[in-house]
Amino acid sequence: MNKVSDSLSETSFEFSLSRSGAVTVSWQGRLLCSSRDPLAEAQGWTRHQGFSVVDQVIVLGLGVGHHVQLLAEQRPQQQILVLDYHSQLIKKFNNENSLSNVKTQDLHFCTGNELMSLIQQALPVFAFRPAWSGLEQQYELLKKELSGQSTHALKLQAQAGSCYQLAQALRDGQKNILNDYISIKDIEVLMQGDKNSFEAKAWQVLRELVK
Amino acid sequence: MKVLVLSLLRLGDILLHKQVVRSLNARYPGVQVDFAINDSFASCKSLLPEVRHFHLLPRAILQRILVEQEQSAIAAFARLSKFVGGINAEKYDLILDATHNRLSVKLCALLEAREIRYAGNKKTTQNAWESYFNNQFSQVAKSRFHYVDVLTKSLGLDAPTVLLPRTTTAKKIVFQVLTSDIKKNWGLHRFKNLLDRVAQEYPAYESVVVCAPNEKAEIEKVLPSLQYQVRALGLREVQEELKSASLLVSGDTSIQHLAAEVGCPVVSIFIGSADVQKTAPYIKNAMLVQANTDCYPCKHSESCYQSSHLCSASVTVEEIYRNIQVVLKGEFMSRTNGMQGYRTDADQRGFMLIAGQSSEENLAKDFERIIWSFYLSNDWQAPVPAYGSTVYEILNDWTQRYSIKAISQFAVRYQSRVERIEALLTEGKNSFAEISKVCMSVGNSPSGLKGLLEQLKSWHLDAVAAFPEHSDSFLKLQFALHKDYSEAFSLYRELKSSLDEPLNLNLIRKQLLINLVRSLSEKGELYEREFRILS
């Protein structure tokens with residue numbers, strides 16, 4: 001790999017040119033995207049993402065940002081919110097790109113209220129895991145919250161989404177799922193109370209869809 | 001009148017559900033019909049001009065949210081609520097669940113309409129056809145009726161008339177060489193041999209291979225584009241091809257149903273899990289060739305466990321070619337006895353008939369179908385059941401295919417079978433009488449009935465072994481015998497209604513047979529000639 005100068009010089013980040021000629025980045029010696037061909041990696045990643053017709057999505061993990069650029073080009077109608085813990089990378093990405101449908105948010109400066117508001121929106125979350133390197137646990141926890149797999153997050157989302165019966169069941173703690181990831185199966189168990197409500201019946205349909 | 005049909009299965013089923021629309025139009029002239037389908041099949045909308053509006057269930061994305069958990073389950077809830085809200089806002093007079101699975105039953109519980117017909121709806125009385133659909137058709141047991149007939153009858157509609165192939169002077173044969181299920185694929189090399197044979201014997205005919213765009217490369221490896229016309233087409237374009245074709249040769253695919261819809265004659269290859277009785281194209285004179293192996297038909301959900309695809313090898317190129325000849329010549333009744341396979345037709349009561357070769361076994365099968373349809377449609381409980389006229393219709397058809405002597409021999413042998421079944425059922429009745437006696441005396445606990453139940457189970461096994469061709473008569477009883485009961489009374493009630501099924505069927509069997517024998521013996525040797533004059 002050929003080293004290139006880092007205009008934002010931060011000792012812990014190292015920008016290089018990959019074998020394919022595209023820029024790649026590492027942080028404290030950990031690669032935040034492919035060192036061989038980050039563009040091919042970005043292409044493969046975008047191909048895998050669904051939710052092409054929703055208005056807004058979250059991309060969790062920026063890295064050097066090839067995947068965000070590609071996604072933004074492929075989905076000009078979609079608002080993309082990129083969340084990352086590396087302020088330096090966010091700055092560099094914003095300086096080098098002016099994509100009208102992309103917004104970035106530095107997780108270091110994200111307030112509790114902002115996070116809560118994001119969780120309540122229950123947006124699709126696209127995880128770009130190579131960019132999580134070294135901070136996997138933090139990102140994983142955040143993904144769990146954003147995609148409503150924790151009791152706390154699901155409760156917030158249930159209230160915002162008018163799923164009052166589920167919110168109530170989560171408040172009552174009918175099942176000890178605090179440390180687990182909540183799945184549709186858990187929701188089915190939580191909704192055992194009033195099986196005749198619209199909400200309970202709708203959850204039964206959703207459960208049936210994945211049986 | 002506004003009706004919604006829930007059609008949440010695959011493309012072939014959606015196309016077959018067009019027949020439900022025909023039944024609805026016959027029952028409610030001027031009816032406005034909407035469909036609910038999976039959004040992955042939105043492209044088939046143009047094939048169903050009779051449907052006013054489609055509600056699209058975002059099934060794939062719901063599954064993605066719930067399985068891959070890239071979004072909160074609350075988002076899935078919101079999407080489903082929107083779908084349901086869209087349906088309920090239409091205020092339908094009637095919703096028909098043509099999907100008939102656990103998902104659709106649960107979905108029906110969310111829907112609002114003046115009437116909703118779905119399996120297990122406790123607000124409506126279950127008709128015998130619905131019970132047949134649940135207990136026989138949807139299970140591994142073979143069905144005596146086509147899917148469209150069982151479905152429409154179980155939804156409380158009349159079965160539509162079986163479609164007629166159009167006459168054509170076209171000289172084009174369309175081949176659909178791949179199916180969506182690898183087990184149902186006959187094999188590209190066999191199709192190549194068939195195409196070569198057709199080109200050699202019918203040089204005036206144009207052969208066109210149709211496929212989906214993603215199948216073209218695979219097909220062209222065996223059928224190179226320099227020699228064969230391989231066309232990657234959308235559904236609408238395939239429909240246009242079929243409108244100007246003289247024949248479609250296909251596996252059990254949605255394309256065969258598309259062909260039936262435009263009156264294009266069909267030769268279809270049924271292998272793997274494809275069952276001629278259940279999913280034949282709903283058109284007369286389709287020629288169906290099925291596999292001839294012990295493992296056929298296999299379960300839809302299971303992959304092939306054989307070391308090679310035996311069922312596809314059991315259907316020869318020669319056999320398919322002979323069936324093509326029959327269709328192109330229009331000589332459907334001239335099939336020789338050596339030929340495998342079936343021809344579709346309509347029976348005397350309007351249901352689709354999958355006619356096999358002329359044999360006593362098939363006479364018995366045809367007769368049993370009539371008995372079952374009498375039973376399921378409740379016609380046997382009419383003040384004056386139409387046994388006589390039904391027998392007249394049966395003979396009208398049979399005498400075109402069988403000699404009077406063959407029919408008489410069948411009747412004599414069948415009479416003895418009916419008597420043996422009756423004797424067996426009397427034993428079962430006695431065994432059940434013991435159970436009901438104990439039920440009355442021991443109160444409401446089923447525990448004291450264990451010994452007697454074992455006795456009835458053993459009788460049931462003997463009955464099925466003695467009359468395997470009538471095993472479906474005892475299927476309901478089989479389910480009833482293997483259920484758990486907490487109350488003796490519910491056990492009694494369930495067993496009684498299950499035992500009533502073979503008893504009532506035998507009652508109808510006897511009545512029809514009496515009429516058959518009477519008609520045959522009254523007319524004696526002169527019958528054949530006189531009957532032909534009458535008909």
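**Entry 1: the sheet in chain B**

I began with chain B, where five strands form an open sheet in the order S3-S2-S1-S4-S5, with parallel pairing. I note that the model is predicted. I looked up the ends of the sheet: the edge strands are S3 (54-57) and S5 (113-117) of chain B, and each pairs on one side only. From one strand to the next, the twist averages 20°.

**Entry 2: a helix on the sheet**

Next I took helix H4 of chain B, residues 73-88, which packs on the sheet. H4 touches S1 (2-6), S2, S3 and S4 (92-97) of chain B. The direction of H4 makes about 165° with that of S3(B).

**Entry 3: one strand pair**

I then looked at S2 of chain B, residues 32-38, and found that four bridges join this strand to S3(B). The two strands run parallel. Which residue of S3(B) is the bridge partner of B:Ala36? I found B:His55.

**Entry 4: two helices in chain A**

I moved to chain A and looked up how H1 (residues 38-48) packs with H2 (residues 66-74). Their axes are 8 Å apart, at an angle of about 50°. The crossing of H1(A) past H2(A) is right-handed.

I listed the residues that make the contact. H1(A) gives A:Pro38, A:Leu39, A:Ala42, A:Gln43, A:Trp45 and A:Thr46. H2(A) gives A:His66, A:His67, A:Leu70, A:Leu71 and A:Gln74. Sorted by class, the contact has six nonpolar and five polar residues, and no charged ones.

Key. Residues are numbered from 1 along each chain as its sequence is written. Chains are lettered from A and ligands numbered from 1 in the order in which they are written. This is a predicted model: local features need pLDDT of at least 70, side-chain atom pairs count only at pLDDT 80 or more; totals for chains, interfaces and linings use all residues. Side-chain values use heavy atoms; hydrogens and water are left out. Axes are lines fitted to C-alpha atoms, for helices over the stretch in contact, and angles run from 0 to 180 degrees between N-to-C directions. A crossing is left-handed if the near helix is turned anticlockwise from the far one by less than a right angle, and right-handed if clockwise. Contact means heavy atoms within 4.5 Å. Ala, Val, Leu, Ile, Met, Phe, Trp, Tyr, Cys and Pro count as nonpolar, Asp, Glu, Lys and Arg as charged, and the others, Gly among them, as polar. Two strands pair if DSSP finds at least two bridges between them.
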